Amino acid sequence: METHSQPPIPIREISRLTGVNSVTLRAWERRYGLIKPLRTNKGHRLYRREDVELIKTIQAWLARGLAISKVSELLESGLPAKIVDVENIWQRYLNELLTILAELNLGKLEAFFNQLLSVYPAALVADQLISPALDNLDQDVFGNNVKKAILINRLSEYLLMLTQRQRQQAKGKRIAIIQLNTSANSLLNVLLHYGLTMNHVKSEVLGLVSVAEVVFAAEQLSLDGFIIFNDRCSSLSEFQKDVMQLTKTTALPIIVGGKLIHALTADFPSSVYLSHNVGQQDVVKLLNSVFSDDIAVDIDIDIDDEVDVNESDEVEYESRKI
């Protein structure tokens, strides 16, 4: 057991701190040997504080495009990150996804996401793959409307199915993901919802709602905060006005992310938190920062961890290594 002054961290808390869900952490340990947690007498995982930094380092490599199967070799080499030339695996994934959509191969589509979401955090998949894919499919090319509809509808169905299985284990803050403009992409919001739920946030996707309805939702659902994730809007001035109006009707924290953040010019009050980067990874980090002071952790019982009797908790699509 841990002898240092700082107590070890259970898998649920390590997920919250890093944005990497427990299923993915177990996959990184079992398949790739990237993390070596401590174990309780009953076999449950406990992590050291240095494991947090290790996981963040792994995430940084993955964001640069390093294949998950190459991470262990690179970490063991000890080479400085700045001198390592990384082939961007996300470009390959994007080409593969666009090929699958061109063929409208629905079986391959589910297997593809089964594979990716088993070893990559949802926010990383959203930023590095789904957002570029949606940008590509927005081009005025024959067939793109069908491909985009298939991608949005099928992936949303799949993510919501996975989310439903995890909802009962979510014990964190209750956060609502809302839209203040019809131009927001619903799939990116569903991906954010899935990622938050997998990381134990009680997430709700409310979609397009008026400011008055947001107040109603906050009261009836006992919300702790809101996330507005917009990549586009029909009118930037109207979007800013809506956000400002929202701050006048609720004192709850409002986290704003997406490609619009760098265009915002309004002087928002302190309850509004703008992410520094446009992607969902930064939104997750900001959420953890905003609510970092009141997270209760039980290191003795962690129902989200499992003793390694079998690996049925992981995605079955493992025969093809990433």
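Start with the open sheet: 3 strands in the order β1-β3-β2, with antiparallel pairing. Two strands count as paired if DSSP finds at least two bridges between them, and strands (E, at least two residues) and helices (H or I, at least four) are DSSP runs numbered from the N terminus. Since β1 (9-10) and β2 (38-39) each have a single partner strand, they stand at the edges, so one side of each is left without a neighbour in the sheet.

Before moving on, know that this is a predicted model: local features need pLDDT of at least 70, side-chain atom pairs count only at pLDDT 80 or more, and totals for chains, interfaces and linings use all residues. Residues are numbered from 1 along each chain as its sequence is written, and side-chain values use heavy atoms, leaving out hydrogens and water.

Now select β2 and β3 (residues 45-47): 2 bridges join them. Pick Leu38 and you'll find Leu46 of β3 standing opposite.

Next, hop to Tyr93 in helix α5 (residues 89-103) and Phe112 in helix α6 (residues 106-119), 19 residues apart. Their ring centres are 6.4 Å apart and the planes sit at 75°, so the pair is edge-to-face (rings of Phe, Tyr and Trp, using its six-membered ring, pair with centres within 6.5 Å; planes under 30 degrees apart are stacked, over 60 edge-to-face, the rest tilted). Tyr93 is buried at 1% relative accessible area (buried is under 20%, exposed over 50%, partly exposed in between, with a 1.4 Å probe and protein chains only).

Last stop: Thr182, in the loop between β4 (174-179) and α9 (186-198). Thr182 is exposed, at 63%.
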